[in-house]
Amino acid sequence: MTIRKTVFLTIGATFLGFFVVLSITIRSTLLPYFDRFEKQMVYLNLDRAISAIESNFDHLDRTAKDLARLDETYAFAQTANQEYIKAYLSKNAYADLGINLLAFLDPSGKLLYGNLYNQETDILEPLPEVLIGYFEGGKLATAMHTGSQRGIIPLDQAPLMLMIHPILPAESDASPSGKLVIGQFLTQSEILRLGGIVQLPITIIPYYDPSLPKDFVAARQMLESPIKYATLAQSEDLIAGFSALNDIEGNPAYLLRVEQNRAIFQSGQVLIRYLITILISASIMFVFVSLAPLEGIILSPLSRMSREVTQIGESGDLSQRLTVKGKDELARLARHTNTMLEQLQLAQEKRRESEARFRTLVESMNDMVFTYHTETETGGFLGRSAKELGMPEEITLPELRSLPVAQNVFPIQHQAFERCQNGSHEVYEWSTEINGKQHFYQNALSPIFDRNGNVTGVVGVGRDITSFKQLEENLHQRIAELAMLYDISQIFLSQPSISSTNDTICRLAVDKFDLDLAWIGNGTLDSSRIDPIASCGVPLETLKPIYFDNNHFPPESEPIARAFCNDEPLIDNHVQNTAGYQSIAAVPLFTQTGTPAILNLFSKNPDHFTPQRLRVLLAYTNLARLSLQNACLYDQLEQGRRRLETISRRLVEIQEDERKWIAMELHDEIGQILTGLKLLLDSSISPGGFSAEKLAQSRGLVYELISRVRQISLDLRPAMLDDLGLIPAVLWLCERFREQTGVQVHLHHEGLDNRRFSTQVETTAFRVIQEALTNVARHAQVNRVTVQAWTANNQLNIQVKDEGIGFDPENIMDNGQSRGLMGIRERAHFVGGFLTIESAPGTGTNVNFSLPLISQK
Amino acid sequence: MSITILLADDHRVVRQGLRALLESDPELVVIGEANDGFEAIQLVEKLNPQITIVDIMMPGLGGLEVTRQINNRTKVVILSMHANEAYVFEALQNGAYGYVLKDSTAEDLVRAIHNVAAGRHFLSPPFSEKAISAYIEKSQPTQFDPYKTLTTREREVFHLVVEGLSNATISTRLSISPRTVETHRSNLMNKLSLHSQADLIRYAIKRGIISME
């Protein structure tokens with residue numbers, strides 16, 4: 001039952017109960033009040049009716065008293081004279097007095113006179129016996145002395161109202177002479193009259209009338225108990241009050257009924273009805289007034305919230321939110337619920353995310369995860385590997401045992417599984433074939449223990465270690481290859497020369513790569529021919545050079561020529577060769593230094609150069625290249641060393657030559673002159689005085705001496721170079737050269753006059769020119785030479801050019817014939833310059849020297 | 001009226017010889033002797049000689065430099081062993097009034113001093129102003145064509161380079177190593193005062209080595 005229904009029912013029931021209790025209370029308190037009030041009204045009316053009857057009695061009493069006081073009456077009672085009767089007791093007297101009975105009793109109670117007047121017939125009738133019985137029976141005797149008596153005597157005609165009064169003289173205290181009795185019938189008309197007086201219908205019925213109406217019977221019964229009045233509701237509109245009318249002796253003789261309408265009762269009813277109506281309307285209003293806000297403030301939002309929560313709960317969509325209205329507790333509740341939802345959503349998202357991550361992790365792992373529960377005897381596989389192997393995510397033990405993968409290597413798997421269930425950790429390897437490819441797995445099984453140390457399951461990880469296995473295999477292979485390459489490198493290291501290296505390269509290639517022929521060819525300078533220089537497999541003499549040009553390769557040796565030209569290794573595993581070779585590999589060895597060489601390998605097997613073999617082969621050729629370069633460098637080093645040796649030897653020789661020359665000059669020239677001078681001076685001084693002639697001769701010798709010394713000094717090193725710079729020194733040099741050799745020197749220079757360089761630069765430049773000129777004088781056989789010196793791009797350039805017979809520079813350089821030229825080349829190199837000697841027999845000579853002037857001003 | 005003379009020579013023997021030679025002329029008075037260039041400058045300041053005889057070769061400050069520094073206070077006669085116009089020219093450039101070779105006769109020297117003291121230049125034989133002029137003529141820089149200084153190889157490389165060939169191709173074509181090609185190339189560019197490939201092409205077009213097609 002919903003809250004709304006419960007609330008509605010509770011409030012409805014409360015108000016219903018409230019209404020019932022209130023209406024009962026109203027009825028039980030108001031109705032008796034009105035009842036009592038009505039009864040009182042009835043009693044009052046009965047009193048009034050009785051009073052009306054009593055007023056009749058009072059009238060009778062007054063009539064009786066008036067009559068009894070009359071002296072004639074007194075006398076009559078004593079005398080009973082007839083006169084009186086005639087005078088006073090005619091029919092008319094009855095009518096006048098308005099009485100129906102008149103009787104006189106003597107003091108003993110004996111009836112003196114008595115008649116009954118019938119108004120209808122207007123006749124006097126004698127007294128009925130019943131009445132006389134009353135008088136004479138002594139029933140009324142007691143009243144004779146005491147005073148007047150009044151009462152009703154039931155007669156057959158009608159109830160008779162009787163008044164007994166003692167007859168006394170008017171002004172004396174004489175004893176009464178008898179009693180006067182007067183009576184009046186309470187006829188229907190009289191009753192009606194009485195009803196008119198009290199304005200209520202009055203009914204009088206004999207008390208013991210057998211044909212009494214029902215209500216009278218009920219009233220008589222009620223009046224049996226000592227109560228004065230009884231009331232009986234005749235109907236909704238009418239109520240009757242009853243009272244007993246006693247006869248003169250005090251016995252009930254008649255029943256008096258007074259009827260009246262129930263105005264009070266009815267107005268009471270109306271009032272109650274109004275009250276209840278008001279109550280009902282008020283209740284309904286109250287219910288609505290109290291329910292409306294309840295509905296608006298609590299029930300409707302509550303129901304909406306319940307609906308929304310139900311919807312969210314059913315849909316499971318945590319992104320939905322409750323509607324938040326207002327600021328009451330419900331709104332707060334909704335807001336808190338929303339916060340909770342938010343956190344739930346967040347938590348859910350996080351959970352999903354981590355779940356997804358975990359799943360991705362497991363899915364992306366190459367590993368296969370296996371779980372097994374001992375109790376349920378079920379398990380499952382997870383992971384990409386598991387999918388590839390077709391392992392189900394859920395599996396029972398019999399299914400597990402019948403898996404084809406398990407069948408393959410069942411003993412291992414089964415034993416490991418059983419042992420693991422007994423609590424031991426198991427690691428083992430196994431393999432299976434998937435899509436025709438062998439896969440290796442490493443399984444690690446671990447038991448799962450509960451708190452008591454019992455095995456409740458098994459968790460296992462199967463790792464695809466195929467790649468590791470392959471790696472391992474490759475590694476072994478690589479180690480073998482490396483070992484082989486190491487051996488080869490050791491052999492290469494021990495090679496003494498290029499030619500033996502070449503031979504070894506061919507021999508090892510044939511040995512290690514299972515070949516039929518290997519040879520090395522050297523390319524010529526113009527790259528048009530490859531000459532075999534080393535071979536293994538066939539004698540070197542049987543191999544012929546390969547001729548080709550850039551666009552045309554001989555078909556027989558096409559791969560070799562092409563590899564050589566492109567400087568890239570080339571493989572042909574299906575070659576048609578007249579010598580029966582089917583696989584050819586051509587690998588260029590080096591092109592950086594020296595002449596390019598190429599290693600050519602031949603096998604009579606097709607497909608001999610597999611990728612793997614090729615890989616090792618390339619490594620081998622790299623080693624070979626290195627080894628060759630080593631040998632080359634060694635050769636160069638050896639050459640350099642030899643050249644250095646030559647140079648230093650020559651330096652020593654030059655030094656010795658210079659010394660020899662100076663010594664010779666000093667001894668032969670200076671020494672001779674000095675000796676001559678000394679002899680002259682000796683002979684010029686004689687005991688007789690100086691010989692002027694000999695002194696003049698001596699002076700001549702001294703001049704010659706000065707000249708010689710200056711000459712020697714200039715030959716050794718012109719002071720001009722230091723004092724005046726390069727150009728004056730070169731000018732002097734050229735002039736001197738022309739003087740000494742007769743060869744015309746044409747000197748051109750630019751950008752050098754008035755410019756000084758470092759001593760080293762100037763000296764080197766000077767010596768280059770000097771040496772080049774010397775060379776011209778020695779070899780060129782010309783009468784003309786051009787010397788040019790200029791600066792450009794901050795570089796000093798010297799050129800000495802002749803058009804003489806020329807020579808082969810290599811020849812001269814190598815065999816050390818021209819020590820001077822070789823010396824200045826070294827010297828140029830030493831100061832960072834560059835010297836070239838261009839010459840060939842018959843083409844003249846061109847010596848070029850250039851020197852950067854970076855640090856010079 | 002006597003002529004005051006300062007002697008500047010690092011050789012005492014030469015100074016003694018000179019003093020003996022000069023004092024044989026009564027008109028000449030040697031008022032001081034300097035042992036090197038610095039002393040010479042100091043003594044000129046101090047003694048204000050009319051003539052200073054300076055040896056061209058002195059340790060430390062050379063005779064030419066000394067001449068340059070003192071030529072406004074005294075008239076310098078250079079005493080030199082160099083019978084070379086270059087020296088003469090240099091000495092005159094530096095403000096010397098006379099240039100006398102050491103192996104000249106004593107008469108030459110005395111004559112030189114008298115000439116110089118009279119305000120005339122004196123060059124000892126065989127020098128003359130004419131010879132000096134000839135030397136100056138000869139030593140002047142000459143216009144020449146740098147392209148003609150290129151060697152045959154350099155010219156080959158030059159042609160191949162302006163044809164747009166790479167060093168590697170040129171090295172194959174000329175059967176020399178790429179490094180050598182590079183050296184030739186840098187040399188020829190230096191000789192021709194060129195700095196870039198664009199300069200090279202421009203030069204080649206200017207010289208008509210390649211046409212501007």
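**Terms and their grounds**

Student: Why is A:Asp607 counted as partly exposed?

Tutor: The relative accessibility of A:Asp607 is 44%. Buried means under 20% relative accessible area and exposed over 50%, with partly exposed in between (1.4 Å probe, protein chains only). A:Asp607 therefore counts as partly exposed. The model is predicted, so that local features need pLDDT of at least 70 and side-chain atom pairs count only at pLDDT 80 or more, while totals for chains, interfaces and linings use all residues. Residues are numbered from 1 along each chain as written, chains are lettered from A and ligands numbered from 1 in the order written, and side-chain values use heavy atoms, leaving out hydrogens and water.

Student: Is A:His749 buried or exposed, and how do you know?

Tutor: The relative accessible area of A:His749 is 1%. Because that value falls under the limit for burial, A:His749 is called buried. This residue sits in strand 25 (residues 744–750) of chain A. Beyond four places in sequence, A:His749 touches residues of both chains, including A:Ile727, A:Ala789, B:Pro141 and B:Phe144 (contact means heavy atoms within 4.5 Å).

Student: What makes helix 2 of chain B roughly parallel to helix 3 of chain B?

Tutor: The axes of helix 2 (residues 37–47) and helix 3 (residues 63–70) of chain B come within 10 Å and cross at roughly 20°. Axes are lines fitted to C-alpha atoms, for helices over the stretch in contact, and angles run from 0 to 180 degrees between N-to-C directions. Angles under 35 degrees count as roughly parallel, over 145 as roughly antiparallel, 65 to 115 as roughly perpendicular and the rest as oblique. The angle between helix 2 and helix 3 of chain B therefore makes them roughly parallel. B:Gly37, B:Ala40, B:Ile41 and B:Val44 of helix 2 meet B:Val66, B:Gln69 and B:Ile70 of helix 3.

Student: Why are helix 8 of chain B and helix 9 of chain B described as roughly perpendicular?

Tutor: Helix 8 (residues 167–174) and helix 9 (residues 178–191) of chain B pack at about 105°, with axes 8 Å apart. Helix 8 and helix 9 of chain B are therefore roughly perpendicular to each other. The contact joins B:Asn167, B:Ile170 and B:Ser171 of helix 8 to B:Pro178, B:Val181, B:Glu182 and B:Arg185 of helix 9.

Student: Is A:Glu556 buried or partly exposed, and how is that decided?

Tutor: A:Glu556 has a relative accessible area of 37%. Leaving out residues up to four places away, A:Glu556 touches A:Asn577 and A:Thr578.

Terms used: Helices (H or I, at least four residues) and strands (E, at least two) are DSSP runs, numbered from the N terminus.
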